[in-house]
Amino acid sequence: RRKIKEQNQKRKRGQMSRILLFTGKGGTGKTTVSAATAVCAANLGYKTLAISTDSAHSLGDSLERELGPEPVLVSKNLWAQESNILYNIEKHWGTIKKWLAALMAWRGLDEIVAEEVAVLPGMEEVANLLWVYYYEQEQNYDVVVVDCAPTAESLRLLTLPEVAGWWFKKLLPVGRKLMPIATPIVNRVTDMPLPDKEILDSVEELFNRLEGLRVLLSDPKKTSIRLLVNPEKMVIKEAQRTYAYLNLYGYPTDAVVCNRIIPARADGAYFEKWKKAQAGYLRDIEERFSPLPVMRVPLLDTEAVGLKRLAEVGEYLYGGSDPTQVFFEGQPINIEHNDGLYTLTMKLPFVAKGDVSLLQSGDELIITIGNQRRSIILPQVLLERQVKEAKFESGELKVIFEEDQ
């Protein structure tokens with residue numbers, strides 16, 4: 001508690017804050033685990049916010065409180081928020097949306113329909129995550145716990161700052177130069193609404209926020225992503241693929257949470273089969289995600305709703321330790337892009353070069369060391385390329401993928 005008090009004092013001076021994102025396949029228990037983490041942090045004295053970026057909100061159900069688009073005080077040191085797409089877009093980029101709606105109405109769409117269509121794909125995810133950047137800038141909270149959307153949406157959400165940044169860098173300078181010239185000419189022949197200085201300023205401001213968000217999410221001292229899995233084959237595969245993409249974009253993962261493990265006290269032939277299957281999958285999880293720590297939460301006998309039950313889940317997760325600490329530093333698997341080549345680097349300390357062998361099978365890269373084997377799910381960008389070369393240097397395995405032909 002003395003350490004936590006010191007950390008709180010640092011956070012009050014604006015020296016540090018923590019952002020914890022929980023993601024995984026739908027149905028793995030992200031909302032419960034993220035809410036439990038927030039309750040645990042608040043009980044330790046941190047000023048904590050739990051925020052849901054999933055459009056199918058269930059955070060309020062978990063906390064047994066009615067939540068809204070702005071933070072609501074749930075208990076001492078604990079606030080919670082369920083983002084709302086229309087509220088978020090008006091707050092973060094209302095000017096851009098109004099122009100899009102006007103443009104679509106000009107094309108003949110009904111004004112109400114145009115207003116709805118102006119919410120473009122991806123806007124909801126970006127608007128939701130921009131809250132995290134906003135709270136970091138304002139230093140409102142010591143800890144922000146994010147209940148992310150299911151894996152596919154979360155990946156798209158996390159890569160949007162980088163993708164959108166590329167477009168803004170390329171197009172925004174051109175737009176600023178062309179609009180003053182093009183507007184008088186276009187206005188002579190059509191009444192089509194063109195983006196004015198206010199709109200272009202809004203786009204530039206949005207880009208700056210996205211760039212700041214990307215930097216924030218990539219900072220391992222501030223941000224940690226925790227992967228949710230269940231001891232099931234398909235869920236493990238999905239989590240591996242997510243982990244590969246997180247490494248590709250440089251987002252720090254510090255733990256894996258394995259949820260809904262059948263406890264040893266469950267009796268009967270039915271449960272024995274499940275326990276045996278889960279034991280094998282648990283070994284698989286430990287092997288595939290090593291050296292990340294794997295936290296375990298048993299299958300509970302009742303629903304984990306309400307602050308008391310969530311605190312119990314937090315005890316299973318962290319055992320009384322500080323949930324805001326960084327449980328793993330560094331990236332055991334790193335993917336870099338340079339001069340058209342992708343290099344996958346994996347740290348293998350205390351291993352001799354002759355002990356390592358590689359095999360690519362479908363979307364998996366299988367690494368064998370002695371009688372131990374590890375499977376890495378490759379991201380799509382690497383599946384489209386052939387392995388050009390593999391080398392082992394200074395305790396690191398480097399696999400180089402050639403350019404896409």
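T23 counts as buried because its relative accessibility is 2%, where buried means under 20% relative accessible area, exposed over 50% and partly exposed in between, with a 1.4 Å probe and protein chains only. T23 lies in strand β1 (residues 18–24), and strands (E, at least two residues), like helices (H or I, at least four), are DSSP runs numbered from the N terminus. Although T23 and V229 are 206 residues apart in sequence, their C-alpha atoms are 9.1 Å apart in space.

This is a predicted model, in which local features need pLDDT of at least 70 and side-chain atom pairs count only at pLDDT 80 or more, while totals for chains, interfaces and linings use all residues. Residues are numbered from 1 along each chain as its sequence is written, and side-chain values use heavy atoms, with hydrogens and water left out.

A nonpolar core is a set of buried Ala, Val, Leu, Ile, Met, Phe, Trp, Tyr and Cys residues joined through side-chain atoms within 4.5 Å. The table sets out two such cores.

| Core | Residues in core | Members, among them |
|---|---|---|
| Largest core | 53 residues | L21, V144, V146, V256, I285, F289 and L344 |
| Second, separate core | 31 residues | A38, L59, L67 and V297 |

The members named for the largest core are those with the most contacts inside it. Among these, L344 touches I333, N334, I335, L378, L382, L397, K398, V399 and F401, leaving aside residues up to four places away in sequence; contact means heavy atoms within 4.5 Å.

An open sheet is formed by 4 strands in the order β9-β10-β15-β14, with antiparallel pairing, two strands being paired if DSSP finds at least two bridges between them. Because β9 (333–338) and β14 (387–393) stand at the edges with a single partner strand each, one side of each is left without a neighbour in the sheet. Between β9 and β10 (residues 341–347), which run antiparallel, there are 6 bridges, and I333 stands opposite M346 in β10.

Helix α2 (residues 30–43) packs against helix α11 (residues 307–318) at an angle of about 90 degrees, with the axes 8 Å apart; axes are lines fitted to C-alpha atoms, for helices over the stretch in contact, and angles run from 0 to 180 degrees between N-to-C directions. The two helices, α2 and α11, are therefore roughly perpendicular to each other, a class that covers 65 to 115 degrees, whereas angles under 35 count as roughly parallel, over 145 as roughly antiparallel and the rest as oblique.
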